[in-house]
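Hi,

Here is the structure I said I would pass on to you. Have a look at it first, and my notes follow below.

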Amino acid sequence: MSEQQQGQDEQQPMDRPFDGVRVLELAEGISGPYAGRWLAALGADVVKVERTTGDPSRAFGPWPDDLPDDETSGLFLYLNGDKRSVTLNLETSDGREILRELAESTEIVIESFEPGYLASHDLGFAELSAGNDALVMISITPFGQTGPNASLPATELTLYAASGQMWLTGHPERHPLKNGGSQPSYQAGLNAFAAITGAYYGAVMHGQGSYIDLSVQETYAGMAEAFHTRASQLGIESQRSGNNLNALWGVYEVADGYGGICALPRNYPAFARAVGLDELQDERFSDPGQRLLNNDELMAIMYGWFAGQTRQGLLELGIEHRVPFGYVASFEDLSNSEHLQSRDFFATLDHEDAGSLTYPGRLWLSSGHDWRMGRAPRLGEHNMEVIHGELGYEREDLVRLRELDAI
């Protein structure tokens, strides 16, 4: 190791990029809180403004011992680490006034209300940025702030379908399938994180903030790779291909789960040597043109060969022969992954109500800055700290506000 490399390794991470930055998170569900999660991890003071009954994600599990509790929702705890919770009822004049006061010392606002809601309550970008020219505000909604579908409600299934991604998923002879999880919302959260970072940098450089209108549908539709251009330029409607695009590009059952291969034509010679079946040297398979004509026969051979393999054996075979073999990892596999553990991918946090929980801990590694992973807040946990301690309201004011259902 060079002296320069040693010096770099000995350097301590600098302050986190968003240290000292105040974020108001008015967003619920997944997308906005996911963006806020990473801002908090990188040092931002994220004040999560919840309705008095709490973010609806508090009602989603999993829960420890399967006992529902607003303070132990696995989804909420994952999305809201290291934030501060303040409860405000924006239907009250007092609640709106407190929000405006918070916005005066805020650099970034994240919101996910129905289009027009905040503006109708005099809490839109124009009002919140009055006297705060550098404010960055982002609205994250299913279909954006404008257009004929702007006010339509949406579920995760709706967003998968409306983005076109669902059209591509499933067996060609059967109905389209929804992908697992809530990828449209999480991807929109990552897009929001990127948009906020760029806009905040611009505000710091030029002193002028901006308003960002982010559509979840557009986020996920924009990830359809070349399928849009095939349709618009060539007039070709892409079809579902199931788990196997062709014999050398797909998923197969193995002895202990599922494995697969994602091989290009140039990989075929190495693939044939790795598999070791003499018939793979036949011209009907080794010749790229004939291989397509005999794809069904080759796929039948592959089903039989994969059935005799194991997931780890596939991985080792691929490394040995430089062939793109792999296996389908379960979440237990990921949790026990020696590779991920060696890179400190997971973070374990203690929560007074939920106990000790392990989460994916970061998006990247950096020699220049660190991440902070703190626990998620209890509902309204920081009302006193923020409204009394920072805004200067008296304790008796908080009592009155609570009686009026403003907090």
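A quick word on names before anything else: helices (H or I, at least four residues) and strands (E, at least two) are DSSP runs, numbered from the N terminus. Keep in mind that this is a predicted model, where local features need pLDDT of at least 70, side-chain atom pairs count only at pLDDT 80 or more, and totals for chains, interfaces and linings use all residues. Residues are numbered from 1 along each chain as its sequence is written, and side-chain values use heavy atoms, with hydrogens and water left out.

The overall picture: the protein chain has 19 helices and twelve strands, and its C-alpha atoms fill a box of roughly 85 × 55 × 50 Å along the principal axes. It splits into domain 1 (3–223 + 345–403) and domain 2 (244–333), with bounds that come from an automatic or database domain assignment. The C-alpha centres of domain 1 and domain 2 are 42 Å apart. Of the 407 residues, 42% are buried (under 20% relative accessible area; exposed is over 50% and partly exposed in between, with a 1.4 Å probe and protein chains only).

Now for Thr155, which sits in the loop between strand S5 (136–141) and helix H7 (156–162). Its relative accessible area is 49%, so Thr155 counts as partly exposed. The C-alpha atoms of Thr155 and Pro142 are 8.6 Å apart, with the two residues 13 apart along the chain.

Next, a helix pair. The axes of H2 (residues 31–41) and H8 (residues 183–206) come within 7 Å and cross at roughly 50°; axes here are lines fitted to C-alpha atoms, for helices over the stretch in contact, and angles run from 0 to 180 degrees between N-to-C directions. That makes H2 oblique to H8 (under 35 degrees is roughly parallel, over 145 roughly antiparallel, 65 to 115 roughly perpendicular, and the rest oblique). On the H2 side, the residues in contact (heavy atoms within 4.5 Å) are Ser31, Tyr34, Ala35, Trp38 and Leu39. Among their partners in H8 are Tyr186, Leu190, Phe193 and Ile196.

Which residues of H11 are buried? They are Tyr268, Ala270, Phe271, Ala272, Ala274 and Val275. That is six of the eight residues of H11 (residues 268–275), so this helix is largely enclosed by the rest of the structure. Those buried residues pack against several elements, including strand S9 (257–262) and helix H14 (295–307).

Cheers
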